[in-house]
Amino acid sequence: MFVIKRDGKIEYFNIEKIEIAIRKALVETKESKDITKVSKLISLSVQEEIKNEFDEYIEIEKIQDIVEFKLMEQGYKNTAKAYILYRAERNRIRNQHPLDESILGLLNLTNEEVMSENSNKNATLVSTQRDLIAGEISKYIAKTKMIPEDIVAAHERGVIHIHDLDYYAQNLTNCELVPLNDIFEKGTVINKKLIRTPKSLRTASTLATQIATKISSYTYGGQTMSISHLAPYVKVSENKIRKEVKEEMKLINKSISDKEVEKIVEIRLKKEIKDSIQTFNYQLSTMNSTNGQSPFLSLALYINENPKYKKETAMLIEEVLNQRIEGMENEFGVKATPTFPKLLFFLDEDNMYPNSEYYYLKQLAIKCTSLRMNPDYISAKIMKKLYGFIFPCINKTCA
């Protein structure tokens with residue numbers, strides 16, 4: 001007698017397998033005091049039925065049907081029920097889609113491999129779980145429908161690694177350089193709402209974080225913004241403050257010198273710079289994109305990117321470094337290093353040496369690194385040698 005298994009393979013009939021299955025069911029229900037004897041007798045009865053009803057081949061499902069019938073016939077109803085439930089569970093496991101276990105593991109927080117593959121994502125958040133579930137589906141589609149089998153096999157063996165499989169199925173971009181200057185100058189659209197050119201540094205800083213969050217929601221990987229793109233709005237705020245001071249003095253009929261006006265403007269401008277950078281940091285650290293994480297943003301601190309606004313860029317860099325040194329309170333009220341933005345400090349002729357005009361910024365960056373392990377440093381000289389020009393990049397590996 002031969003048994004046809006579920007996968008079509010054929011093997012010799014083995015009564016011991018039937019006996020073991022019946023014994024396990026009897027152990028669970030405790031319906032018999034002599035489990036060994038009963039399981040032996042019922043399995044022989046099953047064997048006899050098979051010999052009488054079938055010639056040479058029998059399907060595994062037919063055998064199991066006979067086992068159930070014989071248990072019921074002999075009065076072991078609870079054991080028959082336990083056997084049926086076990087059989088149903090085994091069928092459920094066999095028929096389970098490869099995605100099922102992975103996705104259920106995300107929902108019950110047991111799929112540690114997927115939950116821990118990106119340290120920037122909190123897998124306990126509903127929004128993050130939705131992104132991770134979509135990612136598992138993307139992996140499955142990519143492996144079964146899009147990537148050649150031999151490449152997938154090499155990936156599974158660890159010979160190669162296909163990066164970002166969780167986003168492979170969709171036509172998405174990653175690692176963007178964000179042209180804030182162009183966006184600010186021409187305006188932009190967010191959620192079908194027209195956003196015009198910012199009228200102050202504070203507005204520009206807030207808008208920059210909204211843009212970063214939107215980009216993070218519609219792409220994956222990192223993005224880089226330049227602090228120099230905010231520099232023109234330092235000048236916008238300065239002029240605005242100067243106009244306000246003069247109007248205030250006129251309102252109270254008080255005459256002050258231009259020097260006094262400039263002193264007031266300087267104080268207020270420094271405060272606006274501080275408030276704007278603080279807003280930028282807090283917005284970036286508290287806003288989540290649709291994948292449940294803060295935007296993966298790098299901030300390029302390069303004085304010479306926009307020579308027309310070197311002074312204003314230097315003021316912003318100084319405040320960025322000061323606030324990073326100070327840190328940001330975590331949920332326990334302890335000053336900690338915020339994850340984003342990553343800071344990219346460009347070393348150039350005008351900040352490298354003690355007699356350089358902006359050497360104080362390099363010293364401040366070094367202090368920041370000693371306390372916060374940030375910023376990363378990029379050599380403008382080496383980058384120019386390698387690429388012919390200097391540009392903001394995604395991370396320090398570009399130079």
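Student: In what order do the five strands of the open sheet stand, and what is their pairing, parallel or antiparallel?

Tutor: Happy to start there! Strands of a sheet pair through backbone hydrogen bonds, in a parallel or an antiparallel way. In this predicted model, the order is β4-β7-β8-β11-β12, and the pairing is parallel. On average, neighbouring strands of this sheet are turned by 25° against each other, ignoring direction.

Student: Which strands stand at the edges of the sheet?

Tutor: Those are β4 (174–177) and β12 (376–379); each has a single partner strand, so one side of each is left without a neighbour in the sheet. For β12, four bridges in the parallel sense link the strand to β11 (residues 342–347). Within this pair, L347 has S379 in β12 as its bridge partner.

Student: Which helix packs on the sheet, touching β11 and β12?

Tutor: That is α16 (residues 380–387), whose direction makes about 50° with that of β12. Elsewhere, α10 (residues 201–218) lies across β4 and β7 (220–226), and runs at about 160° to β7.

Student: At what angle do α13 and α15 pack?

Tutor: Their angle is about 20°, with the axes 9 Å apart. An angle under 35 degrees counts as roughly parallel, and α13 and α15 are therefore roughly parallel to each other. Their crossing is left-handed. The residues of this contact divide into 10 nonpolar, one polar and five charged.

Student: Where is confidence lowest, and where is it highest?

Tutor: Where pLDDT is low, the predicted coordinates should not be read in detail. Here the lowest mean is 74, in α6 (residues 112–115), and the highest is 98, in α13 (residues 310–326). For the protein chain, the mean pLDDT is 89.

Note on methods. Residues are numbered from 1 along each chain as its sequence is written. This is a predicted model: local features need pLDDT of at least 70, side-chain atom pairs count only at pLDDT 80 or more; totals for chains, interfaces and linings use all residues. Side-chain values use heavy atoms; hydrogens and water are left out. pLDDT is the predictor's confidence in each residue, from 0 to 100. Helices (H or I, at least four residues) and strands (E, at least two) are DSSP runs, numbered from the N terminus. Axes are lines fitted to C-alpha atoms, for helices over the stretch in contact, and angles run from 0 to 180 degrees between N-to-C directions. Angles under 35 degrees count as roughly parallel, over 145 as roughly antiparallel, 65 to 115 as roughly perpendicular and the rest as oblique. A crossing is left-handed if the near helix is turned anticlockwise from the far one by less than a right angle, and right-handed if clockwise. Ala, Val, Leu, Ile, Met, Phe, Trp, Tyr, Cys and Pro count as nonpolar, Asp, Glu, Lys and Arg as charged, and the others, Gly among them, as polar. Two strands pair if DSSP finds at least two bridges between them. Contact means heavy atoms within 4.5 Å.
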